[in-house]
Amino acid sequence: MKKLSTVFALFILLSLQACSKESPSEATAPPAKWKEGTHYQIISDEVSEEPEVLEFFSFWCPHCFNFEPIVEQIKLKLDKDVTFKKVHVNFMRFTSPEIQDAATKALLIGRSMDREEEINSAIFSYIHLQRQLITGTPELRNIFLAKGVDNGEFDKLETSFQINNLLKQNNQTIETYRQHLSGVPNFIVNGKYQATVAQGMTRDDIADLVVWLSKQS
């Protein structure tokens, strides 16, 4: 009787193990949704020391303006240890490099004041919704003034060593990846991957792709 009970228990154990095993199709992990060459390119053999997403963009670029809701999705979905940074380019043909650098300094001033998103939105709106021209620092100063920033405070920051040094860093980042920047918006992730917007991708797809790339090493 005892031997029969032992055999029965062994039968039950083996049955449970068999039930817990996946079929060959289930055991094989599904292929990644994103394919190299279609949804992203590998542009470097090395990965950045810390996970980061760089968005190369221009205030004058209508596509960049339309991408802003996607950028917000990306920021919300990124892990807390991933840095997101906008890099404003100065090689677009909408206006001169000097005026584009002035807009970059405006972005950096907003960043230094912890008001980057607010200021960026105001500059985008000024160009694309209000249809106003930016010919240099005066119009950018007025945008800050409309947001309650004193002209004296703006001028002090605009000419400061801090902002001018950050402008140099911004433009050095552009030069580092210039060969990969045929247009904007452009997302470089972890210094190794470049996101590609393929036909048929939704806004959610684009955001999910960038977030997925941020998890790759």
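The model is predicted, and local features are reported for it at pLDDT of at least 70, side-chain atom pairs at pLDDT 80 or more, and totals for chains, interfaces and linings over all residues. Residues are numbered from 1 along each chain as its sequence is written, and side-chain values use heavy atoms, with hydrogens and water left out.

The protein contains 9 helices and 5 strands, these being DSSP runs of H or I with at least four residues for helices and of E with at least two for strands, numbered from the N terminus. Along the sequence, they follow the order α-α-β-β-α-β-α-α-α-α-α-β-β-α. Of the 217 residues, 44% count as buried, where buried means under 20% relative accessible area, exposed over 50% and partly exposed in between, for a 1.4 Å probe and protein chains only. Among contacts (heavy atoms within 4.5 Å) with a separation of 6 or more, 75% are accounted for by residues 24 or more positions apart.

Helix H3 (residues 62-77) packs against helix H5 (residues 116-128) at an angle of about 155°, their axes being 10 Å apart; the axes are lines fitted to C-alpha atoms over the stretch in contact, and angles run from 0 to 180 degrees between N-to-C directions. The two helices H3 and H5 are therefore roughly antiparallel, a term applied to angles over 145 degrees, with under 35 counting as roughly parallel, 65 to 115 as roughly perpendicular and the rest as oblique. On the H3 side, Pro62, Cys64, Phe65, Glu68, Glu72 and Lys75 take part in the contact, and they meet Glu117, Phe124 and His128 of H5.

Val47 lies in the loop between strand S1 (40-42) and strand S2 (52-57) and is partly exposed, with a relative accessible area of 39%. Although Val47 and Ser217 are 170 residues apart in sequence, their C-alpha atoms are 6.3 Å apart in space. Leaving aside residues up to four places away in sequence, Val47 touches Asn190, Lys192, Gln216 and Ser217.

Most residues other than glycine have a negative phi, and most peptide bonds are trans. A cis peptide bond, with omega of about 0°, joins Val184 and Pro185, and Pro185 is placed in the loop between helix H8 (161-177) and strand S4 (186-189). Asp114, in the loop between helix H4 (97-112) and H5, has a positive phi of about 60° and is exposed at 73% relative accessibility.
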